[in-house]
Each structure stands twice: as C-alpha cells, then as structure tokens.
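User: Could you walk me through this model? I'd like to go topic by topic.

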Amino acid sequence: SILRVLILSFDIVSVITAVFLLATFAPTPFNVEPIAITFPDPPYAPLTGNLTVNSVLSGSTLVTAPRLKGPETITVSPSSSTESGLKVSMFGEQGLFYRFVGKRTENGYEMEQVGEPVECKYRTLVAVHEAGEEDFFITANVPLGLVRVEIRDGRCVQTVITDRVTESGERLYYADDFDVAEDGTVYIANSLDFPLDPEEFPGNKYYDDVLMDAFYINVLEGKQRGKIVKYSPQTNVTEVLRAGVFYPNGICLSHDESFLLYSENPYNRVMRLWLRGDRAGTVETFAVLPGLVDNVRRGSNGTYWVAVPSLNHALPILARFPRVRRLLAIMPKWTRMTAEPHTMIVRLDADGNVLQSLQDLTGRTRGVTSAVEHLGMLFMGSTFNEHFEFLEVPPLNEPPRGNIEASDKSEL
C-alpha cells in the first residue's frame, strides 16, 4: 500500500513537472510571452438598468445566401431608401462580395440577393461607399491594409491606398476597421503588429488561418500591440496617433468629428481620443460594457451603436496568471476557450451612458460584431455566422421586449 502511494505520488509529481516545463519552455505561436494584465475595476458592466437581460434580438430577420459566411459588417448605400429598396452589401469570408436589395411585402420587409458573389483577394472586414458611388468602396483588408475596391461586371479591382506607417515603414497587416472624415482623412484601427508574410498564405485563407489565431494568442499574451492610425489623402502620409492599444477592432468618429471612439476588445471598453479643443490628444474611458467590444458606429440623434459579441469571457480571471495563459496558448485549437452565446448591441449617448441594449441569449443571433443604422433599420453582421440580420430600431422610450431577470438567465 505504501508502494502504491509512492508510485501515485511520483506520477502526480511527474505530470505537474511536465506541465510546468511545457508552460515555461515550449515554443508559443508568434513567439509570444504572456505578461500580467491589469483590468479596469470592475472589468465588466453589470447587467442592470438599460443593460438588463432581454431577448429583443431574437425578433430580428435572418438573411442567408449560398456560401455567405462571416460578414463582419454591412454597408448600406446612402442613396437608397426603404420605399425604393434599401441596397446593402457586404464582404464574407473567402473574399466574397455580396449585394442585396430590400422590399416591403405582405410579410414585412425582406432582403433579396442581387447577382452572384464576386471574389476579391483576401479578407475585407469593413467597407464604405466612396463619395456616394455604388460600385466603389474604401475597405479595411487583412492583410493588404486600406484598399480601394471597384466592383463592376463581375470583377473585383483592388488598389492599395496605404499599407504602412510612413515614417517607420511598419506594415498595417491588421487594418480591422476605419472611419472617414468629411475632409477625406481616414482613421484606422490596426489591431496587431505580429510580423507576417501574406505570400505564405495562398488564396483567401489568410483570415481563417491567421487572424483569428493571432487574436486568440494576443488576448492570452496580454500585450497591447494595437495602434490608432491616421491617413491623410492630401499629403499621402500615414501616421500613428496612439500606440499601445489592446486589440482595437472598432473605430468611429463622433458626430461633430471632435473625437474618435475606438474599442479595446479584451478590456470590454470603448475609449475616447480627443481630436480638437483643449483636450486634443488625450484619451479617456468612454464606456465599460459587459463583454468583448467590437465595432462602433454612429446612430441617429447623436447616439452610437456598439457590438458586444460575447459576454463574461475568462480573461479577467486569468489576468494574473501568465504561465497558465502561456500553457493555453500552446494547446491544440480544439481545447480553446469558447465564448457563451449571449450577445448584445448597446446604444450609447454622447457621454457614454447606456441608453438601450438589444440582446439574445440563445445563440440564434450569435456573436454580432457590428450594427449599422439607416432610416430606422438596424443591419447586423457577424464574423461567426452564415447570415446577416436586420430589424427596425426599437424606440428608446419603450422597455425592451422579453425582459429577463438576470437570475433567470441560466435557465434559457
């Protein structure tokens, strides 16, 4: 019996030693070395007040199409209307470009696909119409940078606008989002600085094989590798406005262009960078939200829409344990932590106060990464879904449908 105890003790010590050696010395993806992370206190906003759990998003309309997968965000033509037919477009995975047009029917508002998808190179995450043109877009492309796209006659013509910081020459492989000012200046959220060679990833597998891996590893690493970048078309200069940002994957100018809002995804918060006035160049926390923060977009009446793809991730718990995160970084993909299906879209006022939240707990509306408002309609995209969706913007003065007590959340 003593011998068995000794053997069992030896086995346990051997396993602990092996895990320790793996966590300490095994090579990690991108050669990262996790660091201690300090989170805001509290790390999440509580699900109270206007963030009270509800099921509003479960009433959205889902739109599918052959091979449509992972439309990060939706582009609405500024010249279209709900009566003549809202024209929307999007880029999915594998570089495919889609168009849809809306119409009113007896069953409500519906969207139909127009033509066949057009294949572009690599992965476009965000696009806006250029100067109101229907066939020209400015896009954020991984790994090409800021790219002008022309879609015409079934062809995709891509021209790089900027792909690097002018002074340092650092490449913008991870141009995740951008916004364009009235004078044409472009503000870019470049999420990471891992050095990568696009030629190593033929075809359009760059996004699937690299970017999501890089995001996961950077979150475990805890290093603030992102940058807020400004491109001036008048001078053709690209410069860094702010470095040391923790995975910024959403950016938006304020309605009067006096400040920028950008998300720090793992920190669950939206930051404000002042561009004008006495506070120009300073940064402050605009809003802390209940989970990972993605794209930020202007809404009606001076408000802002923020996508929160998933709530209550484990990083704040693991923040003080870099060796545990290092071990997780070298584990096979199938062992990776998965986020819960609870997703939401949050509407903020000009001071960062929560005015409204639209939520889904069931996974039907899984991982919404953007919300674009146009003429009373809200169009939502997701990196994770094989559809996009839309619904009419609920009035602010009405309580959300399907309010659910936070204590009942686990029963759904």
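Analyst: Before the strands come up, one definition is needed: two strands count as paired if DSSP finds at least two bridges between them. Please also keep in mind that this is a predicted model.

User: Switching to β12: is it mostly covered or uncovered?

Analyst: Strand β12 (residues 186–190) is mostly covered, with 5 of its 5 residues buried. Val186, Ile188 and Asn190 point one way from the strand, while Tyr187 and Ala189 point the other way.

User: What does β12 pair with?

Analyst: On the one hand, β12 pairs with strand β11 (residues 175–180) in the antiparallel sense over 5 bridges, and there Phe178 stands opposite Ile188. On the other hand, β12 pairs with strand β13 (residues 226–232), again in the antiparallel sense and over 5 bridges, with Lys227 in β13 as the bridge partner of Asn190.

User: Which residue takes a positive phi in the hairpin of β11 and β12?

Analyst: That is Gly184, whose phi is near 95°, in a hairpin that has 5 residues between the strands.

User: Now the packing. Which residues have the most contacts inside the largest nonpolar core?

Analyst: The largest nonpolar core has 36 residues, and those with the most contacts inside it are Ile37, Leu146, Tyr174, Phe178 and Ile188. At least two residues of this core come from each of β7, β8 (136–142), β11, β12, α2 (206–221) and β13, and α2 gives the most, with 8 residues. There is also a second, separate core of 22 residues, which includes Leu289, Tyr304, Val346 and Leu348.

User: What does Ile37 touch?

Analyst: Leaving aside residues up to four places away in sequence, Ile37 touches Val219, Gly222, Phe246, Tyr267, Leu315, Ala319 and Arg325.

User: And Thr38, is that buried or exposed?

Analyst: Thr38 counts as exposed because its relative accessibility is 67%, where the cut-off for exposed is over 50%. Thr38 sits in the loop between α1 (2–25) and β1 (61–63). Although Thr38 and Pro316 are 278 residues apart in sequence, their C-alpha atoms are 8.4 Å apart in space.

User: Last topic, cysteines. How many disulfides does a search of the whole structure find?

Analyst: The search finds 1 disulfide, formed by Cys120 and Cys156 with their sulfur atoms 2.1 Å apart. The pair links distant parts of the chain, 36 residues apart, with Cys120 in the loop between β6 (118–119) and β7 (123–129) and Cys156 in strand β10 (residues 155–162). Both Cys120 and Cys156 are buried.

User: Why is the disulfide of Cys120 and Cys156 right-handed?

Analyst: The torsion about the S-S bond is about 110°, so the disulfide of Cys120 and Cys156 is right-handed.

User: And is Cys252 buried or exposed?

Analyst: Cys252 is buried, because its relative accessible area is 2%, and the cut-off for buried is under 20%.

Terms used
Residues are numbered from 1 along each chain as its sequence is written. This is a predicted model: local features need pLDDT of at least 70, side-chain atom pairs count only at pLDDT 80 or more; totals for chains, interfaces and linings use all residues. Side-chain values use heavy atoms; hydrogens and water are left out. Helices (H or I, at least four residues) and strands (E, at least two) are DSSP runs, numbered from the N terminus. Buried means under 20% relative accessible area, exposed over 50%, partly exposed in between (1.4 Å probe, protein chains only). A disulfide is a pair of cysteine sulfur atoms within 2.5 Å. A nonpolar core is a set of buried Ala, Val, Leu, Ile, Met, Phe, Trp, Tyr and Cys residues joined through side-chain atoms within 4.5 Å. Contact means heavy atoms within 4.5 Å.
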